[in-house]
Amino acid sequence: MPFQKREFPNRFAELSREDQHGLLKTMVRIRTFESRVEELFLNRKVPGFVHLYIGEEAIATGVMANLRKSDWITSTHRGHGHAIAKGAQTDRMMAELYGKKTGYCKGKGGSMHIADFTIGMLGANGVVGGGFNIAVGAGISAMIKKTDQVAVSFFGDGASNRGTFHEALNLASIWKLPVIFINENNQFASTTPTSYATSVARISDRAKGYGMEGYTIDGNNVVEVYNAAAELIRGTRKGDGPVLLECITYRIKGHYVGDPERYRSKKEVQKQVIENDPITRFIDYLKERKLIDDKEVEKIRREASSEIAASEKFAEDSPYPEPEEACNDLFSFSPSEFPEVAL
Amino acid sequence: MRTITFSQATLEAMQEEMRHDPTVFVYGEDIVRQGGIFGQFKGLPEEFGDRIRDVPISETAIIGAALGAALTGTRPVADMHFADFISVAFDEIVNQIAKNRYMFGGQVNIPLVIRAPDGISKQAAAQHSQSVEGWVQNVPGLIVVAPSSAATAKGLLKSSIRQNDPVLFFEHKLLYPQKGPVPEGEYLTPLGKAEVRKPGKDVTIVTYSIMVQKSEEVAVELEREGISVEIIDLLTLKPFDAKTVIESVKKTHRCVVVHEGVVTGGFGAEIASRVQEEAFHYLDAPVLRVGAKNFPIPFSPILENYVAANQEDIKCAIRKVLHREG
């Protein structure tokens, strides 16, 4: 496939064994959270819609390991993985999915609107392509306040067909804003294959149109994601301007939990599960290099399971909001302070 | 008191707020090189450098990025060139800006101002002449402001920039060159408070923006016929000062709502509803609405005048609610 190839320095190799395991921990925590959410949704514990990040964990993990707490991200409708990797608490996330008062958004947002402003997670977004310009705005904040913060905008293959993509990348480019556009090409926009809906072979090809660098990598190889993100984020942080990184992945689950998936064969999915699971691949990579043993892997899995079980219990035990709490949080002032005005 | 133009008044508001707070910045199309279509940004680049910027023709990016900036600790003012173009950034306004604070459970404030020059002016035709407050009145989470004079423009713009919530600030294009008395020094005009422009006892006109002065002209004429008109200038449309409106109607027993935008689904419908809900038993006549006929604004002056609401329409409505027709 014709796309810009670039060898990124192997920064992963420079990580301590603990930090290398940290990447696996994050991936396993995301997988465990998502797998449990799927069950809870099917058991009708979680209302609404749920879009799972299963199979795409390497991208959020590899990118976020290169960000600081003060850096910003914008996420998508498939945002649980981004939130966890950026440092969100799984108990408050789970409570939000339940619609409980202790959730990140006090039950007002749900799966598609989880945000945590204390860690720079500027929100999942129910509108495909809604995050690009929010990330650009965060980049403008860094410019106005003269900080070295960066903003990362995660987006799917479908979002790159939105007009917001064009306006955001153009503006980020002409102002050389500290924004990194991370494409998660999971091969499907809902039911529509990327190859059908996209005018170019590679989404990274579109970077040329904005005078920025664009690269395509294997998004299911967390080492590759980590190394590419390390290099690109470093450059953007020191003022090189925005970049576009396309990470090829595969959405193992349906678009949403309950998707009948008539647009692809079970065989195709099964092949991906067997050959291209980012967690299996990473464990194999570490084992081959004797960087991890079975006991350590088992421990990571066990810890993730108990964390997610505790998150579930927290959500179960938490109260629902009072109905009238629906009237809070619209404005910085409370409408009840101004009974004489009509909102 | 000194008199300055509406345009200068908004410029002073920008200067003062940008001096106060280094996180206030402004960007929009043609505001640096041109100084704004009405000169309302002239001089800002010299004083504030990079904090005022021209942007490409990318309304979606302008408004979407304003949100991103507001969420991350700055106070953007985005200029929309023409209010008509907010349609291009409608998702950003109604799905993102209006909802972010709420759907994130109040985690964050969204201090941003969208300045939007609106209204009929110089035969600009259907896509450059609209008053679009009706589009957004149905969206919870936005504050909507419409000054009527130089003095209110300055005080309201300053208050809007200091507000920790998103504000849509509609400025009628014909008001920019108009001069009016503006106090020296700094002052704030509170959001959410209407002003009684002229006290009267026979009928209440509820209006805003350029239609305030048109209503005032009508009031002077009708005064000669012995009709006493009270004029309420809403200034803030969302949330609007229902208390001042209802109190006035309880006194005059008659109400006409006047705005430049189209009548159907316009902001006047909301006010009329509110008045009948809260003051039905005080009313001696149905609440009437005056606004543009339900057509796009046409180009040719003869057609434009026909579609637009004018002083004659206001007069007719007042006579009608007073049962003094022809």
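Reader: Into which domains is chain B divided, and over which residues do they run?
Author: Happy to start there, bearing in mind that this is a predicted model. Taken over C-alpha atoms, the centres of the two domains of chain B are separated by 26 Å. The division of chain B is into domain 1 (3-181) and domain 2 (195-321).

Reader: Which element gives the most to the side of domain 1 of chain B that touches domain 2 of chain B?
Author: In this contact, 24 residues of domain 1 of chain B meet 23 residues of domain 2 of chain B. On the domain 1 side, at least two residues each come from α5 (133-136), β6 (143-145), α6 (150-162) and β7 (167-172) of chain B. By class, that side holds 13 nonpolar, ten polar and one charged residues. The element that gives the most, with three residues, is β6(B).

Reader: What is the radius of gyration of chain B, and why does it count as compact?
Author: Chain B is built with eleven helices and 15 strands, and its C-alpha trace spans about 60 × 40 × 40 Å along the principal axes. For 326 residues the globule rule gives 20 Å, and the value for chain B is close to that, so chain B is as compact as a globular protein of that length. The radius of gyration is 19 Å.

Reader: Turning to the two chains, which helix supplies the largest share of the side of chain A that touches chain B?
Author: The contact takes 40 residues from chain A and 43 residues from chain B. On the chain A side, α5 (132-145), α6 (163-174) and β8 (341-342) each supply at least two residues. That side divides into 22 nonpolar, twelve polar and six charged residues. The largest share, ten residues, comes from α5(A).

Reader: Within chain A, are helices α1(A) and α10(A) roughly parallel or roughly antiparallel?
Author: The axes of α1 (residues 17-42) and α10 (residues 278-288) of chain A come within 10 Å and cross at roughly 155°. Angles over 145 degrees count as roughly antiparallel. That angle therefore makes the arrangement of α1(A) and α10(A) roughly antiparallel.

Reader: How many nonpolar residues does the contact of α1(A) with α10(A) have?
Author: The two helices, α1(A) and α10(A), pass in a left-handed crossing. From α1(A) the contact uses Gln20(A), Leu24(A), Met27(A), Val28(A) and Arg31(A), while α10(A) brings Pro278(A), Ile279(A), Phe282(A), Ile283(A) and Leu286(A). Sorted by class, one residue in the contact of α1(A) with α10(A) is polar and one is charged, and the nonpolar ones number eight.

Definitions and conventions
Residues numbered from 1 in each chain as written. Chains lettered and ligands numbered in written order. Predicted model: local features only at pLDDT ≥ 70, side-chain atom pairs only at ≥ 80, totals over all residues. Axes fitted to C-alpha atoms, helices over the stretch in contact; angles between N-to-C directions. Helix = DSSP H or I, 4+ residues; strand = E, 2+ residues; numbered from the N terminus. Parallel < 35°, antiparallel > 145°, perpendicular 65-115°, else oblique. Left-handed = near helix turned anticlockwise from the far one by under 90°. Contact = placed C-beta atoms within 7 Å. Nonpolar A, V, L, I, M, F, W, Y, C, P; charged D, E, K, R; others polar. Domains from an automatic or database assignment. Rg over C-alpha atoms; globule rule 2.2 N^0.38 Å.
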